[in-house]
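User: I have a structure open and would like to talk through how it is put together. Can we go over it piece by piece?

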Amino acid sequence: MGTTDVLWSSAELTAYPATGAVDHARPTYRHFSTEGLERLARIELWEQHNADALVALAARSIGDVPLVATERNLRVEEMTFAWVGANPHIVERTRDHIAATGTDGVALYFSLAGEAFFYHPDGVHLQRPGTMLACDVNQPFLRGFAHGLQEYVLTVPRHVFEDVTEQPLPRVPVLSSFADIPGGDVHAAALARLIRTSLTGSDPTAVAATEAATLDLLRALFTTDGANSSGAKRRAAIAWIRRNLRDPGLSVSRVAAGVGMSERSLSRVFSESGGAGVARTILEMRLTLAHRMLSAPGAPSVQDVALYCGFATAAHFSRVFREHFDTTPAEVRAAR
C-alpha cells in the first residue's frame, strides 16, 4: 500500500458536506467545519467540537491567518474514528484538559499530508506523512502543523486497549510507518485502510464488524510477538477477512493480496497456528456471524442473512449451516 492509497481525496471529502450537526441518515457520524464561521469564534468552536467528539485540546492559529479546519467523526462503541484536515496551526493538551475531562486512553494519529512536530514530557518527534504516532492522552503534549495537515485519528479508552492487547498504554509515544515500504507495519496499514473505509460511508449495519476488526488490528499492533511472527500475520489476515466477510467473491487469493502475502505463505501461516485453513476460516466466520444474526430478536429472513454474510445462495448457506451446527437456519431463527 502506498501513502496515496489512504489519502482522502477532495472528491471524497466534498461528498460529505461539513455541518455542525449529527447526520441523521447515519446517526453515528458527525461533521464539523470552521469555514463560514465568524473568525473570532473559530478557535473556540473548534475546541468545543474536539472536546466533545475526540480529545480536548487548546488550539491557536499561526500568524494572522484564521483557522480553516474540518473534521468527520464516527463513533464505534467506545472508540472514535476521525478524519481531520486543517491549515497551519498548533494544538496543545495540558494537564488542565486531562483533569477536567477525565479522558484516559490512547490516540493513534495517521499522518496523510503535512509534517508535524509532537512535543511530550520525554522529548519530541517529527511525524511525516505515512507514519502513525500512538500516545497516551493522559499525558500532556503539544502538536504543531506548520504546513497544515490531513490525518486519520483513532481514540481508544484505556480499559479497551489494555483488555485487547494485554499491554499497558505506551509510556512514551510510539512512531511507526503505515506506508507500503520496506519496514512498514502491515497492521498499521490495515488499520489506516479500515478507518478510511469506515469514514467514507461504510454500511451502518456493519458497525459490529468494524469494531471487531479494529480490536483485532490493535491486538496485532501492540502485542509483543512482533509484526513478522506467524501469529501476528494470522491476526492481520483474520482482521482483513472480517472486514471483507460479506463479499461473496472473498477467496484465499484475495486475502493473500489484501495482506501483502503469497497464497503459499498465507496458507503456511494458518497451518502453523494448528487451526483451520484460510478457506475454512472464512466459512466458519461467516457461519458464526449468521448464527448470531439468526439468534437475535427481530432477525432478518434466512435468505437476507445468507446474502448479508456473503453466501451466494440461501440453499448453499442452509446446507453448510446444518452441517456445521447440526440444525437449520430456520430452526435457529424460530427458537430465538
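Predicted model: local features only at pLDDT ≥ 70, side-chain atom pairs only at ≥ 80, totals over all residues.

User: OK. How many helices and strands does the protein have?

Analyst: There are 13 helices and twelve strands.

User: And what share of the residues is buried?

Analyst: Of the 336 residues in the protein, 46% are buried. The exposed surface comes to about 15,500 Å², and 52% of that is supplied by carbon and sulfur atoms.

User: How many bridges join strand 2 to strand 5?

Analyst: Four, and the two strands run antiparallel; strand 5 covers residues 89-93.

User: Which residue is the partner of A59 there?

Analyst: A59 has V91 in strand 5 as its bridge partner.

User: Now helix 12. What does it span, end to end?

Analyst: Helix 12 has twelve residues, 314-325, and the distance from its first C-alpha to its last is 16 Å. That is close to the 16 Å expected at 1.5 Å a residue.

User: Which of its residues are buried?

Analyst: F317, V320 and F321 are buried in helix 12. Viewed down the helix axis, the buried residues fall within an arc of 105 degrees, so they line one face.

User: Why would residues a few places apart end up on one face?

Analyst: An α-helix has 3.6 residues a turn, so residues three or four places apart point the same way.

User: What covers that buried side, and what is exposed on the other?

Analyst: The cover over the buried residues of helix 12 includes helix 10 (278-295), helix 11 (302-308) and helix 13 (329-334). On the other side, A315, R322 and E323 are exposed.

User: What comes just after helix 12?

Analyst: D326, with a positive phi of about 60 degrees.

User: Last one, helix 4. Which residues are buried?

Analyst: In helix 4 (residues 158-165), the buried residues are V160, F161, V164 and T165. They line one face of helix 4, because their directions seen down the axis fall within an arc of 105 degrees. E166 follows helix 4 and has a positive phi, near 55 degrees.

Conventions. Residues numbered from 1 in each chain as written. Heavy atoms only, no water. Pairing = 2+ DSSP bridges. Expected span 1.5 Å × (residues − 1). Buried < 20%, exposed > 50% of the residue type's maximum accessible area, 1.4 Å probe, protein only. Arc of directions from axis to C-beta. Contact = heavy atoms within 4.5 Å. Areas by Shrake-Rupley, 256 points an atom, 1.4 Å probe, with all protein chains shown as cover.
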